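Hi there,

Here is the structure I promised to pass on to you. Have a look at it first, and then read on for my notes.

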Amino acid sequence: MKIVVASGKGGTGKSTVAANLAYSLLDRHPVTLVDCDVEVPNLHLFFDSEPETRDVFTTIPKVDTDLCTLCGDCGNFCRYGAIAVLKDRVLIFEKMCHACGGCMIVCPEKAISETPYPIGLVEDSNPLSGLRLISGFLKEGEVLAPRIIRSAKEMAEDDEIVIIDSSPGIACPVIEAMEDTDFCILVTESTPFGLHDLDLAVGVTKNLGLNTGVVINRSDGSDEEVRDYCAEADIPVLMTIPFDKEIASVQNKGGLISERMPGWKEQFACMYDECLRIGGVGI
Amino acid sequence: MKKIAVVSGKGGTGKTMVTAGLAEIVKSDLSLADCDVEASNFKLLYPGELLSAEDFHGLDVSVIDTEKCVQCGACLENCRFDAVEITDGLYSVRTLRCEGCGVCDYLCPSGAISMKKRLSGEIFCSATEAGPLAHARLDPGSGNSGLLVNEVKKRAARWANISELLLIDGPPGTGCPLISTVSGMDAVLAVTEPSISGLSDLSRLVGVCKGFRLRIFVVINRYDLEESVTREIEEFCRSEGLTVVGKIPFDPSVIAAVRRNMPVTRIDCPASEAIKKIRDNLSKELDVA
């Protein structure tokens with residue numbers, strides 16, 4: 001069972017839900033938690049441990065100046081503006097390159113090869129008995145977030161229960177995190193911003209044909225609009241977490257409510273069973 | 001024209017609330033842009049009148065004509081993005097995965113592949129009470145949000161001769177939309193909150209912004225929810241040489257204002273007072289009103 005936790009809007013509590021959900025299942029089964037919010041990963045802040053680290057690379061073109069005739073074919077072909085062929089040399093803009101390999105294919109002189117270029121890293125650790133945490137970190141200033149996300153997910157490929165914390169928004173990193181999962185939990189807040197962005201996120205999960213449920217976080221009790229929306233869209237509300245100073249305080253210091261406050265562990269475990277039932281998958 | 005982007009490593013820290021509040025109370029002639037194109041919320045607080053709407057085309061997408069396809073497999077073998085698939089012997093492109101590089105089109109021996117324009121969203125200009133606003137909507141699941149951010153900024157730049165200040169509501173994160181947003185700015189206002197994730201995200205954000213030689217100012221929102229972490233953030237800012245231009249208390253009026261679709265500065269409350277101070281501090285630091 002692979003569950004992805006997402007939200008159109010940032011800061012709604014995705015990491016909180018993912019971390020608590022994972023913790024609540026540990027009595028029953030080993031869990032792998034994958035932090036795919038690679039621009040600003042946070043799950044490692046909840047679980048202290050000594051990780052093993054692996055660098056993630058993309059490739060960038062390398063021009064053999066002895067063979068290059070400065071014909072310009074590579075620059076003309078590149079749709080990302082990553083190659084500029086000047087009178088006396090070829091400039092490569094690493095951060096623009098998508099590593100499609102096209103320049104290498106079109107070069108008539110076979111003057112282009114590829115060289116690895118580091119864009120971030122993946123950390124793998126066992127912070128608690130039964131818990132595996134895989135966190136992706138995009139290097140500051142790099143843009144190829146989906147590559148890091150893919151590497152992090154690949155490491156968890158053979159694990160049975162995988163909970164993935166996605167980045168906010170609705171663009172390519174989110175798609176990469178959602179693909180090949182069985183269920184999506186969308187975390188929202190019951191404000192007009194929250195509802196607006198929830199609607200966009202639902203657009204994505206529908207597009208992918210992904211089973212979806214909603215968690216309302218920081219609820220002040222006025223959730224009618226979100227509930228009406230969910231009923232209309234035929235999406236179950238799986239859980240409501242109230243706005244509460246004690247909850248906020250536990251979380252702001254990096255604690256888990258399922259560990260420190262009574263009742264939450266059971267609620268999260270129940271929610272998992274509900275996801276299983278709706279997602280229709282074993283374990 | 002001075003250009004300021006309101007950003008935050010993490011989403012939900014209150015960027016839009018701060019931007020909308022400042023937009024209402026600055027004295028300069030103002031232009032606005034909402035560069036959080038994936039979750040564009042600014043317009044909810046400043047509805048205004050729509051002046052223009054244009055289609056946004058991201059990178060092209062490749063399309064396979066199954067009639068012409070000879071099933072040689074060259075596209076499948078050479079696509080680095082796993083975008084080509086075979087169903088019942090027929091080749092097709094998974095649009096969501098295609099990055100529009102054109103390798104398959106180049107290699108196809110039978111001319112079965114073409115690159116088509118992909119509609120990925122819309123770009124709007126609106127007249128709002130606070131000033132002209134450039135904003136956008138990205139289609140769910142589309143890539144290229146960084147490209148769309150650039151288009152939004154281009155629209156806003158047209159107003160440079162009529163405004164003294166461009167205020168941008170930025171995207172969360174530190175990836176391509178953020179980098180597109182902060183390039184060319186004079187300053188960024190980083191909104192953070194007192195949690196250990198808030199601090200971690202702020203430090204990553206500052207790492208990215210430093211590469212752009214911007215002035216970085218910090219606002220700590222809901223600072224009284226965890227004052228020990230607020231002190232840690234202030235200590236971090238001191239060590240990095242960043243000015244904390246304001247601290248906003250937790251204030252239920254903020255949610256109340258959002259529920260009424262208006263900037264919080266229309267309500268007389270502690271959060272409004274704090275935003276006024278931020279304006280005063282910024283105008284001193286940046287020499288704008």
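How many disulfides does a search of the whole structure find over all chains? The search finds zero, where a disulfide is a pair of cysteine sulfur atoms within 2.5 Å. For background, a disulfide is a covalent bond between the sulfur atoms of two cysteines.

Before the details, some ground rules. This is a predicted model, in which local features need pLDDT of at least 70 and side-chain atom pairs count only at pLDDT 80 or more, while totals for chains, interfaces and linings use all residues. Residues are numbered from 1 along each chain as its sequence is written, chains are lettered from A and ligands numbered from 1 in the order in which they are written, and side-chain values use heavy atoms, with hydrogens and water left out.

In chain B, Cys269(B) is buried, with 6% relative accessibility. Cys269(B) sits in the loop that links helix H9 (252-259) to helix H10 (270-286) of chain B; helices (H or I, at least four residues) and strands (E, at least two) are DSSP runs, numbered from the N terminus. Leaving out residues up to four places away in sequence, Cys269(B) touches Asp251(B), Ser253(B) and Val264(B), with contact meaning heavy atoms within 4.5 Å. From Cys269(B) to Pro252(B) is 17 residues in sequence and 9.3 Å in space, C-alpha to C-alpha.

Now the two chains.

- Chain A has 11 helices and 11 strands, and its C-alpha trace spans about 70 × 40 × 35 Å along the principal axes. Of its 283 residues, 60% are buried.
- Chain B has 10 helices and 13 strands, and its C-alpha trace spans about 70 × 40 × 35 Å along the principal axes. Of its 289 residues, 61% are buried.

For contacts between residues at least 6 apart in sequence, the share joining residues at least 24 apart is 72% in chain A and 75% in chain B. Chain A exposes about 11600 Å², with 47% supplied by carbon and sulfur atoms. For chain B the accessible surface is about 11400 Å², with 48% on carbon and sulfur atoms. These accessible areas come from the Shrake-Rupley method with a 1.4 Å probe, and for residues only the protein chains shown count as cover.

On to the interface. Chain B contributes 60 residues to the contact and chain A contributes 58. Together the chains bury about 4900 Å², and 58% of that lies on carbon and sulfur atoms; buried area is the accessible area (1.4 Å probe) that two parts lose on being put together, summed over both.

Asp36(B) lies in the loop between strand S2 (30-34) and helix H2 (42-45) of chain B, and is buried at 11% relative accessible area. Beyond its neighbours within four places in sequence, Asp36(B) contacts Asp169(B), Gly170(B), Pro171(B) and Pro172(B). Gly170(B) is 134 residues from Asp36(B) along the chain, yet their C-alpha atoms are separated by 5.1 Å.

Most residues other than glycine have a negative phi. Ala99(A), however, has a positive phi near 60°. Ala99(A) belongs to the loop between strand S5 (90-92) and helix H4 (102-106) of chain A, and is buried at 7% relative accessible area. Asp180(A) also has a positive phi, of about 60°, in the loop between helix H6 (172-178) and strand S9 (183-189) of chain A. Asp180(A) is exposed, at 69% relative accessibility.

Best wishes

Note on methods
Buried means under 20% relative accessible area, exposed over 50%, partly exposed in between (1.4 Å probe, protein chains only).
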